[in-house]
Amino acid sequence: MEGQLCTNLEISVGKPPGASPPSFIALLKVYRELLVSRIRNTQCLIDNLIKNDYFSTEDAEIVVQFPTQADKVRKILDLVQSKGEEVSEYFICVLQKVTDAYYELQPWLDEIGYEPSENICNKPVVNTDPVSRYCQKLRYELARDSKFVTSYAQREEMLLEEIYSNSIMELVSFTNESLGEVCQLEALFDDEVGLINEDGETIYVFGDAGIGKSILLQKIQSLWARKELDVGAKFFFRFRCRMFSCFKEDEAICLKDLLFKYNCYPDQDPTEVFHHILQFPHTVLFTFDGFDEIYSNFDLSSVPEMCSPDEPIHPLVLLVSLLRGKLLKGSKKILTARTGTEIQRNIIRKKVLLRGFSSNNLKEYTAMFFKDEGQRTLVLNQLEANPNLCSLCSVPLFCWIIFKCYEHFHSMFDSHELPDCSVTLTDVFLLMIEVHLNRSLKTSLLKNNTRSQAEMFKSRKETLLALGKMAYKGMENSFFIFEQEEVSSANISEEDLQLGFLRTVKGYSGCDDQSTYEFLHLTLQSFFTALFLVIEEKVGAKELLQFFNECSSTETAQPTCLRIPWLKKQLAGEDPFRNNEHFHFTNLFLCGLLSRSKQKLFRHLVLPAVIKRKRKTLITYLGESMKSHLKGLTRSRLLGYNQIQVQPNFVWMLRCLYETQSEKVGKLAAKRMHANYIKLTYCNAYSADCSAISFIVHHFQKRLALDLDNNNINDYGVKQLLPCFSKLAVIRLSVNQVTDHGVRILYEELSKYQIVTFLGLYNNQITDVGAKYVAKLIEECSSLEYVKIGANKITSEGGKCLAQAIQKSKTMFEIGMWGNQVGDEGAKAFAEALRNHPRLTNVSLAFNGITTEGGKSIAEAMQHNNSVKIFWLTKNELDDEAAMSFAEMLKVNKKLVHLWLIQNQITAKGVKYLSEALKENTAIKEVCLNGNLISQEEAKAFENEERIICF
């Protein structure tokens, strides 16, 4: 009935020119109850009717006297209709233009085909809807808050647009296998890419400390505020997770207060705004930054899993309910945490791994940071000459610190070169501390301060000790927020605060009437904690090593802690939010600060005997810990190698050993491994870790194998491995962001030593340029037997170079080219390489865009090959004609054992050719044809030939 009436009225509304005008009064009468049921905001209507002198003040007073919203709408309709057609049309015009307030009526307005008359078009419509006003306020405040980035330097803010630079964002599976890169931020919300659980609602972004998680969220916030992020979100609520640690155990708030109090409060009708949010949760976007930074004694197991949006409850329960979708189900959520904070799969929709700067990203960031071209060129040249420093710069935080230090010293001394020797993370942070302290000095207009680092630290010992003491107390309890009382009790003065190591934060529970502070970054708190452990003379062996124990213990949490069933299973009594990375960084800095090279610095701050005692304690512990750790590793025999499989914790051990810069410790570690195949796969190692790996590996006396597959090594890491290449017979760098530049380094180094037998470069960023370097290595290095270079960006040009090199090689045993695009031209080149090749045994040209033409060339060449045993041609475009050629080949070639033609375009006709050929070939064990154009019914005809596998 409604649709029929609407159709009739649409005809009257849309009359041709010259016809009598439509009756808007009649329209309002017909749809009176529809309008009464769907208009929830009357104030906006009243405001506009008054503004255009259609309503008097008395009319408005009459309307507001009615107790219910429905009665108010009825009275407005009565008054509007009584005032004539123009007022009735203007009423409809307001409904059409204020879409935020009257979203439920938009389909109806579309259906009746309403278009305002010229007279009504000239009448102003002002959106006074509280929901719309609140959205505008949210955008304004988020735009203001996200415009600047609080720098890790003294009293300095930088425009986000001038400091934000893209880094590598990779969509990954639950097992962290790559699903492709994120090129645009909108792709985070696009279900077409990277979706791993359609029932989950949370985009989980993870990465190491300083990798750029927080600034990514700030960028998303800024884009949304400027309406440049089109993901269907009207509301944006952002939270830093560490704020939830500030709530007392007995505190309780409702969802409305959590949203409004800790973001911004609606100026009008908060109840209506909250009702809108509850009704349309899919229009809400949440960001929760630093999930691993929540530490609380509140026991979530004592409260029900379900909670009401209206009832006050502990804020952690609200957080958990939001993430689980028990509250505001359908809302969009981005959750960040450091690597190692695992969350159960059921809440995750997508996983995004931040990998830091690629070489191109670093160049872009350098160009953004150093506006002066000469200075920029100087920095890039120095970075190119120092792979160790370059690797540290792949982490955005460390890159910023290094660049800021360079900029400061350049301004003070006119020129300042970046260090040209091995640089540890401790060196970088010491340099940053020096910069901060330097800035506090009053300088002459005619000359700059030339205090040495040691003098600078000595003059501010009490300040460093006070900051260290507070950092240490926070680290002991995993607290990252400090109230004014804690700052004062640590004897941190206002002058100390001006140094810029701490910054004020706002909006935390219980802290509204006084300042609250945090260290500029979690790694800085770790550094000051380590500094305190070194320069506080009263610190004994137990305190010195306590954070090593935190990292190695299986039960590190307090007896009462957050217990959440949906998080990854925890040991009894263990904090599910627990992430030990801040302890790891503390230990790493402790090793660096107690290294022999830092003794000169610290002899001005603490008695040499104390430093000697602490260093001895640390080195002894590292030796015993290393011995124990290595003893517990998984060991196996593999192709003549003694293999050890290490865990991610092993990388932290390597980092600590490297920070000591002790050759004695490095030799001891190499000796105690008792292995010559080191498997470091899936250990979250990044490029700078290759310095630590080289630090140990170069002490090995014999040839060895190094497996670094599935990490974040990139070209800088390859360069850091230079000391190792003279020892490496096996080098695996698959899934590591290696580009042509990295391949060039591999060629130049490996061709020198002529000992490499296995080169794994699967799934990197290698093009035809890199393929040519690999081809040269195959030609020049007679020891090379295995090359895995699939899933790169190699076309027919690179394919031909590789094929020609293989044709010349007498030693190549296996070539893996899966997932490139060599096409038919490349296939023909490989066919020539296969013809009469003396040793090539395993060949993969799967998923390479090879059609019938290329397939026929390969089949014909294989008639003249007696070495290949396994051939993968899966996921190409081979048809029955190609199948016929392979059938002819099988009649002649009696050495091939496995032929994979899975997922091609072969029909039952082609299968018949192959089946007939097998009658003359008893050597081949299988011809795999799964996923071709064969029905199960058709496949029955080949059941008697077991070697033909169709399903």
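Tutor: Helix α35, residues 740-753, has 14 residues and reaches 21 Å from its first C-alpha to its last, close to the 20 Å expected at 1.5 Å a residue. Helices (H or I, at least four residues) and strands (E, at least two) are DSSP runs numbered from the N terminus, and the expected span of a helix is 1.5 Å times one less than its number of residues. The model is predicted, with local features requiring pLDDT of at least 70 and side-chain atom pairs counting only at pLDDT 80 or more, whereas totals for chains, interfaces and linings use all residues. Residues are numbered from 1 along each chain as its sequence is written, and side-chain values use heavy atoms, with hydrogens and water left out.

In α35, the buried residues are Asp740, Gly742, Val743, Ile745, Leu746, Tyr747, Glu749, Leu750 and Ser751. Buried denotes under 20% relative accessible area, exposed over 50%, and partly exposed in between (1.4 Å probe, protein chains only). An α-helix has 3.6 residues a turn, so residues three or four places apart point the same way. The buried residues of α35 pack against α34 (714-720), β17 (728-732), β18 (758-760) and α36 (768-780), a contact being heavy atoms within 4.5 Å.

The backbone on either side of this helix also deserves attention. In the loop between β17 and α35 lies Val735, a residue other than glycine whose phi is positive, near 55°. Val735 counts as buried because its relative accessibility is 12%. Ala791, in the loop between β19 (786-788) and α37 (796-808), has a positive phi of about 55° although it is not a glycine. Ala791 is likewise buried, at 16% relative accessible area.

Helix α22 (residues 461-476) has 16 residues and spans 22 Å from first C-alpha to last, close to the expected 22 Å. Its buried residues include Thr463, Leu467, Met470, Ala471 and Gly474. Ser478, which follows α22, has a positive phi near 55°.

Elsewhere, Glu293 is found in the loop between β7 (284-289) and α15 (315-324). Glu293 is buried, with a relative accessible area of 14%, and its side chain makes a polar contact of 2.7 Å with that of Arg242. Such a contact is a pair of N or O atoms within 3.5 Å; within protein, one must be able to donate a hydrogen and the other to accept it, and residues adjacent in sequence count only if both atoms are side-chain atoms. Leaving aside residues up to four places away in sequence, Glu293 touches Arg242, Ser245, Arg338, Phe480 and Leu522.

For the chain as a whole, the secondary structure comes to 42 helices and 25 strands. Of its 951 residues, 57% are buried. Among contacts with a separation of 6 or more, 79% join residues 24 or more positions apart.
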